[in-house]
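Here is a briefing on charged and aromatic side-chain contacts. Start with the sequence and the structure.

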Amino acid sequence: MKKLMALLTVVCVLIASLTAVSSVAAMGSTPYWGDVNEDAGINLKDVLVLRQHIAGLKLLADESVGDVNFDGFANMKDVLMIRKFIAGLIDMPTMPTTTATSAASNDVYRYDDDGDPMLTFLEGVDDCSLGVWWWQVDDGQNERTREKYLDFLEKNGTTEIYYYCVYDMVSSSGRRLTHDFVLAAREHGISVVPLYDDVGMINGVEQCDVPVSKMISSFKSYNETYPDAPLSMIHFDVEPHQVFQDKNIKHLTEKELSLYANNFIGGIQDLREAGIKVEAALNCTWNNYGGENVEWDGVKGIYNICAKGLDSMCMMAYRDTAEDILALGKPGFDAAMEYGTRITYGIETGHYSFNKVEEEFAQESKEYMYTEFAKVFETLRANHPEGGYGLAVHYHRTWMTMKNEADFT
């Protein structure tokens with residue numbers, strides 16, 4: 001009996017050892033997550049060792065020790081992940097919760113002939129939009145420059161461009177130039193949505209450079225002149241935090257949110273009544289400034305107000321992981337679900353952080369961004385409002401000039 005018990009003990013120890021070895025193998029052979037140089041600490045020394053390996057200066061004996069995001073590769077995505085942990089921006093994972101799709105699977109991206117990754121997870125999907133902001137009208141009027149960007153956007157599956165042309169549309173010559181761009185974008189399978197950004201609309205939609213009444217007139221004139229390429233929607237990048245530029249205040253207040261709800265959301269209803277659909281870029285942190293207390297037209301809560309007063313909500317979820325993007329945009333998503341409003345998640349590819357935290361994709365690779373964006377897409381696709389859903393990238397220049405993984409080595 002004692003021999004049997006001893007044998008069972010040995011077997012249990014072996015099983016436990018094998019399990020431990022398996023767990024370590026799944027996480028790399030390091031003593032614990034992120035300790036690339038195996039000195040029992042996670043610090044900038046690990047970043048240096050991993051960067052030397054990636055650059056080919058001093059290779060690791062086992063590359064898996066640098067694969068801290070468990071995607072099967074040791075590259076700059078792992079360096080960035082360790083840096084974020086050291087800075088206290090993320091917690092240490094004990095096991096991978098998600099597995100990034102590799103380029104070889106073609107589920108997220110593939111490389112073109114020039115070695116540039118092209119987003120592919122939207123191929124064959126007809127119920128989701130992919131938008132991009134296009135601020136420089138000069139890029140749209142120069143044929144060579146225009147085609148360069150349009151070709152890039154087409155390859156990445158872009159479906160719509162938010163084009164900064166509302167100022168141009170007030171004149172006949174401007175409407176002609178807008179029409180030229182609309183036709184050029186159409187050749188690439190992309191629709192155009194006029195973009196407007198005058199924060200003065202928060203003080204009243206008739207107290208800005210292009211009042212709503214003039215917008216309605218411009219849309220009508222454009223569509224009558226160019227029935228071959230009509231415009232039916234406008235995108236507003238008018239956000240209450242922009243009053244920082246005009247007022248000596250340190251942070252957004254409930255007053256600005258109330259003005260936004262009553263003057264802007266209330267004022268643009270004339271556009272909707274004229275048959276022009278309205279989308280607006282929305283900050284995801286408004287509830288931090290009293291947004292839950294704001295009221296308009298019998299509705300309480302800034303995101304509920306936007307869901308009722310807009311045809312489409314574009315949540316500016318400026319974070320660089322799918323988990324953070326979805327968490328940040330949840331108040332708007334919940335409102336969109338309640339009112340059946342279309343929702344889009346916008347992300348940033350340039351250095352525009354207001355709180356000095358690297359929270360955009362600017363410092364990361366296209367491959368990494370595409371992988372995280374695909375996760376957001378899958379979540380939206382599984383459960384989205386009746387009005388539909390989409391993704392959007394800010395903006396055409398910074399997106400195209402983002403680095404590839406190979407550029408970090």
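Buried means under 20% relative accessible area, exposed means over 50%, and partly exposed lies in between (1.4 Å probe, protein chains only). This is a predicted model: local features need pLDDT of at least 70, side-chain atom pairs count only at pLDDT 80 or more, and totals for chains, interfaces and linings use all residues. Residues are numbered from 1 along each chain as its sequence is written, and side-chain values use heavy atoms, with hydrogens and water left out.

**Salt bridges**

- A salt bridge is a side-chain nitrogen of Lys or Arg within 4 Å of a carboxyl oxygen of Asp or Glu.
- Side chains of opposite charge can pair when their charged atoms come close.
- The whole structure holds 13 salt bridges.
- One of them joins Asp139 to Arg397, at 2.8 Å from N to O. This pair links distant parts of the chain: Asp139 is in helix 4 (residues 137–141), Arg397 is in helix 14 (residues 396–400), and they are 258 residues apart. Helices (H or I, at least four residues) and strands (E, at least two) are DSSP runs, numbered from the N terminus.
- Asp139 is buried at 7% relative accessible area, whereas Arg397 is partly exposed at 30%.
- Arg146 bridges to Glu147, with the closest N and O atoms 4.0 Å apart. Arg146 is buried at 12%; Glu147 is partly exposed at 30%.
- Arg176 bridges to Asp180, with 3.8 Å between the closest N and O atoms. Both lie in helix 6 (residues 172–186), four residues apart, or about one turn of the helix.

**Aromatic pairs**

- Rings of Phe, Tyr and Trp (its six-membered ring) pair if their centres lie within 6.5 Å; planes under 30 degrees apart are stacked, over 60 edge-to-face, and the rest tilted.
- The count comes to 20 aromatic pairs.
- Phe121 and Phe377 make a tilted pair, 5.4 Å centre to centre, with 40 degrees between the planes. Phe121 lies in the loop between strand 2 (117–119) and strand 3 (128–134) and Phe377 in helix 13 (residues 366–382), so the pair ties together parts 256 residues apart in sequence.
- Phe121 is buried at 8% relative accessible area. Phe377 is buried too, at 0%.
- One aromatic cluster includes Trp135, Tyr164, Phe236 and Trp286.

**Charges over rings**

- A charge sits over a ring if NZ of Lys or CZ of Arg is within 6 Å of the ring centre and within 35 degrees of the ring normal.
- The charged end of Lys308 sits over the Trp296 ring, 5.9 Å from its centre.
- Lys403 lies over the face of Phe408, 5.5 Å from the ring centre.
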